[in-house]
Amino acid sequence: MDRLESQLKFLIEIDKMKNVQRQTLLADGSRRETDAEHSWHMAVMAMLLIEYAEDRDKIDIDRVVRMCLVHDLVEVYAGDTFCYDEAAKLDKPQREREAADRLFSLLPADQGTELRALWEEFDEAQSPDAAYAAAIDRIQPLINNHLTNGHTWRGGRVKAHQVYARMERIRHSSPKLYEYACNIIEENIKKGSLSE
């Protein structure tokens, strides 16, 4: 298979992201968000909110945007795992590794290696780029849950301490965004969308 055919095959395959539904609703509450919508929204948020990143001088925003766009690609095969479902998370790493093997092998070797490396870096969240991208990955659904009166939290019987724990990743990457997230959590506790 020549290079162009491999690239097109991959692009057609990742079109399936448009059908992978997440637990979170769109901000208007009209329906569940897809992985493709989440990734696009994250990429735009990352660009606009970079000024609040703690290590912004060390962050390559182009790499962050690329991470945002590829971080959930494996879910075309592995599916979306609800972040508060402890049982479903047990085999998530294995499912996603197997999906990555299958998906990134569709590309020419150089591009497959590059995208997989970005995906793995995001997953480890150790570099400044990945830590910031992971922070955005946490705050995007938090905002949508807030705007939909805690729809996903209420449906999943999520407790405030679980959301606080999930937002911990934001604390070091962006104290300002972490403060904003904590304010959202407190507001949702007061209005009953999250229980203590």
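How many salt bridges does the count come to? The count comes to 16 salt bridges, where a salt bridge is a side-chain nitrogen of Lys or Arg within 4 Å of a carboxyl oxygen of Asp or Glu.

## Basis of the report

This is a predicted model, in which local features need pLDDT of at least 70 and side-chain atom pairs count only at pLDDT 80 or more, while totals for chains, interfaces and linings use all residues. Residues are numbered from 1 along each chain as its sequence is written, and side-chain values use heavy atoms, with hydrogens and water left out.

Side chains of opposite charge can pair when their charged atoms come close. One of the salt bridges joins Asp110 to Arg3, with the closest N and O atoms 2.9 Å apart. Asp110 belongs to helix α7 and Arg3 to helix α1 (residues 3–14), so this pair ties together parts that are 107 residues apart in sequence. Helices here are DSSP runs (H or I, at least four residues), numbered from the N terminus. Asp110 has 47% relative accessibility and therefore counts as partly exposed; Arg3, with a relative accessible area of 41%, is partly exposed. The terms are set by relative accessible area: buried means under 20%, exposed over 50%, and partly exposed in between (1.4 Å probe, protein chains only).

Another salt bridge links Arg116 with Asp101, the closest N and O atoms being 2.5 Å apart. Because Arg116 is in helix α7 and Asp101 in helix α6, the pair ties together parts 15 residues apart in sequence. Arg116 counts as buried at 19% relative accessibility, whereas Asp101 counts as partly exposed at 44%. Asp15 and Lys18 also form a salt bridge, and their closest N and O atoms are 2.6 Å apart. Asp15 is partly exposed at 35% relative accessibility, and Lys18 is exposed at 53%.

## Aromatic rings

The structure holds 2 aromatic pairs. Rings of Phe, Tyr and Trp (its six-membered ring) pair if their centres lie within 6.5 Å; planes under 30 degrees apart count as stacked, over 60 as edge-to-face and the rest as tilted. Phe82 and Tyr84 have ring centres 5.6 Å apart and planes at 75°, so this pair is edge-to-face. Phe82 counts as buried at 18% relative accessibility, and Tyr84 counts as buried at 14%.

For Phe104 and Trp119, the ring centres are 6.3 Å apart and the planes stand at 50°, so the pair is tilted. This pair links distant parts of the chain: Phe104 is in helix α6 (residues 92–104) and Trp119 in helix α7 (residues 109–124), 15 residues apart. Both Phe104 and Trp119 are buried.

## A charge over a ring

The charged end of Arg102 sits over the ring of Tyr77, at 3.6 Å from its centre. A charge sits over a ring if NZ of Lys or CZ of Arg is within 6 Å of the ring centre and within 35 degrees of the ring normal.

## A nonpolar surface patch

Leu4, Leu8, Leu11 and Ile12 form a nonpolar patch on the surface, and together they have about 400 Å² of accessible area. Patches are made of residues with over 30% relative accessible area and no salt bridge: like charges are joined within 9 Å, nonpolar side chains (Val, Leu, Ile, Met, Phe, Trp, Tyr) within 5 Å. Accessible areas come from the Shrake-Rupley method with a 1.4 Å probe; for residues, only the protein chains shown count as cover.

Notes:
Helices (H or I, at least four residues) and strands (E, at least two) are DSSP runs, numbered from the N terminus.
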